[in-house]
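Walk me through this structure.

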Amino acid sequence: MAAAPPPEGGDGDVAPSPVVPGPRATRPPDLRRAPDDLDETARRTRHRLAVGAAGVGTFDWDLGTGALDWDDALLRVFGLTRAQFGGTIEAFDACVHPADRRRVQRALADAIAVCGEYAAEYRVVRPDGTTRWVQARGQALAGPAGGAERVIGAAYDTTRERAAHARIDRVLETMASAFYLLDHEWRFTYVNAEAERLLGRPRDELLGGVVWDLFPAANASAFDEHYRAAVATGEPHEFEAHYPAPLDGWYEVRAWPGPDGLSVYFHDVTARHRAQEAARAAEARGRLLRAVSDDLASVLDVEEAVARLARHLVPTFGSACLVTLVDDHHRLRDIASWHVDPARRATVERYASTRLRGMSPTSYLHQALRSGTTVVVPDATERLAAVVSAEAGGLLRELGPRTACIAPLRARHATVGAVTLLLGAEDTDLSEEDLATLEQLADRAGLALDNARMYGEQRAIAEQLQRALLASPADPLVAARYLPAARLAQVGGDWHDAFTTPAGERLLVIGDVMGHDTQAAAAMGQVRTLLRGIAHTTGAGPAEVLERLDAAMQDLHVGAVATALVLAVGAARPGADAGPAGAAPVGAGAGHPVRWASAGHLPALVVGPDGTARQLRATHGGIVLGLGSRSARQESHDVLADGSTLVLYTDGLVERRGTHLRDGIARLTHVVERTAAAVAPDDLEGFADAVLAAMAVDEPEDDVALVVTRLARRTTPDPAG
């Protein structure tokens with residue numbers, strides 16, 4: 001490392017400062033010497049030649065006479081001829097740069113005072129006006145009386161070295177990297193400007209100081225480990241480490257061992273680390289938001305998903321968490337709790353089960369619920385214990401929270417709950433980003449709860465309305481079911497009906513008005529009422545009923561498109577003609593004549609007394625209702641054995657995304673066969689429920705209507721529908 005320039009001295013007269021003494025003339029040695037002197041002569045000659053080759057001049061200052069003798073080499077260093085040099089200490093002082101003169105004089109005086117060594121580096125001003133740097137070293141020699149009588153020494157031109165060092169110093173001073181040099185005793189021997197700035201101390205305070213003393217936190221740290229390893233192995237080390245307050249920063253360090261000690265280059269990378277930490281924190285918050293959103297979207301029980309918040313938020317935001325809900329009567333209920341320490345989970349659970357009883361209306365929880373804003377409670381143990389019962393307060397003191405944070409679960413028009421976070425002594429305070437994330441999570445949970453409650457209310461209303469529109473048949477031999485689509489809390493267009501006509505036939509109807517909204521439900525109500533009225537007042541068969549219904553829909557501008565299947569079952573007759581499988585056998589038992597007509601609806605299924613199921617396909621296809629066609633419709637006929645079961649259904653029961661409709665009907669056929677074998681013949685309600693359960697999906701996309709009837713002789717007359 002380049003040495004720092006010596007401090008500049010001022011001008012001033014001092015006692016003759018033994019300055020770099022001048023040259024001394026010498027004579028060629030007498031080579032005619034005794035053998036013993038020859039070795040000494042050779043040694044001196046080699047030394048003289050080496051000194052001359054190195055450009056080193058010598059001086060000899062007689063303190064008694066004041067004569068200062070310079071050799072020719074030293075005269076060349078000062079740019080003087082022997083005639084120009086006065087041969088006195090005053091002549092030397094005149095050559096020294098005024099800014100360095102006092103310092104050099106003092107160094108010589110100190111050497112003379114103790115008969116010691118003299119060393120100085122200074123500038124000289126040559127007669128041609130140029131300035132050169134000179135390094136001088138000498139020794140004050142004592143006389144017989146013990147005081148100094150002579151000063152002898154040597155000097156040489158260091159201008160070129162000083163220029164190289166100055167260039168290095170300029171590079172080190174102006175480079176963006178901080179740099180310092182530690183000697184073998186771990187002392188600062190050089191510190192550049194950037195290092196001064198980053199280390200927070202002036203250069204004068206650092207130079208000469210031991211790094212472990214000036215920066216005690218570096219002991220037993222990554223700095224200590226890598227610095228000592230670099231010196232021990234002679235290999236450079238690169239690392240990143242954090243230094244605590246007062247620097248409180250992250251540094252990228254390169255430590256290079258060398259003959260002068262350990263060179264250390266370092267950069268402040270605190271901003272990068274903080275950006276990385278912020279990115280990691282943002283990513284963690286994003287993962288948390290996604291996890292909570294997935295829970296709220298994927299779990300059917302939204303309250304269960306909200307309860308999971310307690311585990312999601314610990315330990316990301318605190319040591320413990322409680323989740324509170326507000327019911328429709330404004331009563332509070334803690335639905336979940338969690339603690340990062342398994343040993344304390346039972347304690348926080350007991351606290352959750354006791355804290356709401358007798359909690360003061362002025363509590364921080366009530367404050368958050370009333371204001372709809374997040375409340376942060378410092379000194380949480382004592383402040384929260386003051387507004388709960390003694391039992392809850394004791395449990396809270398066992399938990400010992402330092403800070404509490406209560407975030408409300410806000411919905412559209414009300415606050416539906418709150419999340420209470422408890423931060424222990426080891427937890428860091430929540431940042432603004434943390435609080436924003438916590439509030440965002442709470443808002444999502446509050447909105448999900450609000451949506452679930454609204455959906456539940458709307459679904460209940462829709463189901464009540466739908467069931468009111470689709471009154472259950474009075475016939476004990478008929479069971480009917482309706483299920484709305486899970487994703488729509490609205491009434492739909494599926495309908496069913498069953499009644500006895502004045503002619504004594506049991507009329508079964510299943511239909512589907514296209515759409516899943518209130519308009520479809522309204523149209524369904526009109527179509528169902530029209531069909532029931534036409535069938536009951538006219539006594540017409542299924543085909544004619546559909547013809548008249550289609551005409552009425554056009555004339556009355558119902559504005560709906562619908563499918564329908566109308567099936568009339570006659571009373572049992574003995575010895576009916578043979579039919580296909582599941583029909584009445586020839587001359588055996590009773591058979592029920594059935595006739596039906598379809599307006600684009602799916603075929604009914606019949607399960608015979610032997611448990612075999614088949615489709616009742618129409619011999620003539622029919623177009624859907626509401627398209628403006630007034631063409632004649634055809635009926636199909638069959639005779640079904642007494643004890644058979646008929647199943648009418650809408651497409652929501654069999655249609656699945658990605659599956660062909662015929663596969664769905666085939667599956668239903670197998671289901672009704674298994675159900676007929678497993679359920680008692682007279683348990684039609686159980687039969688209907690079993691079919692729905694077997695065909696159900698978690699979230700049906702379409703509503704479902706189902707009618708099940710058993711063909712059997714009546715023991716009592718049926719009321720007319």
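The paragraphs below go from the whole chain to single residues.

This is a predicted model, in which local features need pLDDT of at least 70 and side-chain atom pairs count only at pLDDT 80 or more, while totals for chains, interfaces and linings use all residues. Residues are numbered from 1 along each chain as its sequence is written, and side-chain values use heavy atoms, with hydrogens and water left out.

Take the whole chain to begin with. The protein chain holds 21 helices and 26 strands. Both are DSSP runs, numbered from the N terminus: helices are H or I with at least four residues, strands are E with at least two. The chain has 721 residues, and 46% of them count as buried. Buried means under 20% relative accessible area, exposed means over 50%, and partly exposed lies in between (1.4 Å probe, protein chains only).

Next, contacts and surface. A contact means heavy atoms within 4.5 Å. Among contacts in the protein chain with a separation of 6 or more, 63% are between residues 24 or more positions apart. The accessible surface of the protein chain is about 35400 Å². Carbon and sulfur atoms own 53% of that surface. Accessible areas come from the Shrake-Rupley method with a 1.4 Å probe; for residues, only the protein chains shown count as cover.

Rolling a probe the size of a water molecule over the atoms shows where empty space is left. Here a cavity is a set of points, on a 1 Å grid over the protein atoms alone, where a 1.4 Å probe fits but cannot get out; lining residues have an atom within 4 Å of a point. Grid points are joined across faces, edges and corners, and a volume is the space filled by probe spheres set on the points. A search of the whole structure gives three cavities of 30 Å³ or more.

The largest cavity has a volume of about 180 Å³. It is lined by 15 residues, and the closest to its centre are Tyr180, Leu199, Phe223, Tyr227 and Tyr243. Which elements each supply at least two residues of this lining? They are helix 8 (211-214), helix 9 (222-233), strand 9 (249-258) and strand 10 (261-268). The lining has 15 nonpolar residues, no polar and no charged ones. In this count, Ala, Val, Leu, Ile, Met, Phe, Trp, Tyr, Cys and Pro are nonpolar, Asp, Glu, Lys and Arg are charged, and the others, Gly among them, are polar.

The second largest cavity holds about 60 Å³ of space. Its lining includes Tyr351, Arg355, Met359, Ser363 and Thr420. The lining divides into eight nonpolar residues, two polar and one charged.

Turn to the cysteines. A disulfide is a covalent bond between the sulfur atoms of two cysteines. The test used here is a pair of cysteine sulfur atoms within 2.5 Å. The whole structure has zero disulfides. Cys321 is in none; the nearest cysteine sulfur, that of Cys405, is 9.9 Å away. Cys321 is buried, because its relative accessible area is 0%. Cys95 also counts as buried, at 11% relative accessibility.

Now the backbone. Ala245 and Pro246 are joined by a cis peptide bond, with omega about 15°. Pro246 sits in the loop between strand 8 (237-243) and strand 9. A cis peptide bond also joins Val314 and Pro315, with omega about 5°. Pro315 lies in the loop between helix 12 (309-313) and strand 11 (320-326).

Ala220 has phi near 55°, a positive value in a residue other than glycine. Ala220 belongs to the loop between helix 8 and helix 9. Its relative accessible area is 79%, so Ala220 is exposed. His557 also has a positive phi, near 55°, and is not glycine. His557 is placed in the loop between helix 19 (542-555) and strand 19 (562-569). With a relative accessible area of 70%, His557 is exposed.

Val478 is part of strand 16 (residues 478-483). Val478 is buried, at 4% relative accessible area. Val478 and Leu646 are 168 residues apart along the chain, and their C-alpha atoms are separated by 9.4 Å. Asp328 is in the loop between strand 11 and strand 12 (332-339). At 60% relative accessibility, Asp328 is exposed. Its C-alpha atom is separated by 9.0 Å from that of Val416, 88 residues apart along the chain.

Conventions:
1 Å grid on protein atoms, 1.4 Å probe; cavity = no way out; pocket = protein on both sides within 12 Å on 5 of 7 lines; lining within 4 Å.
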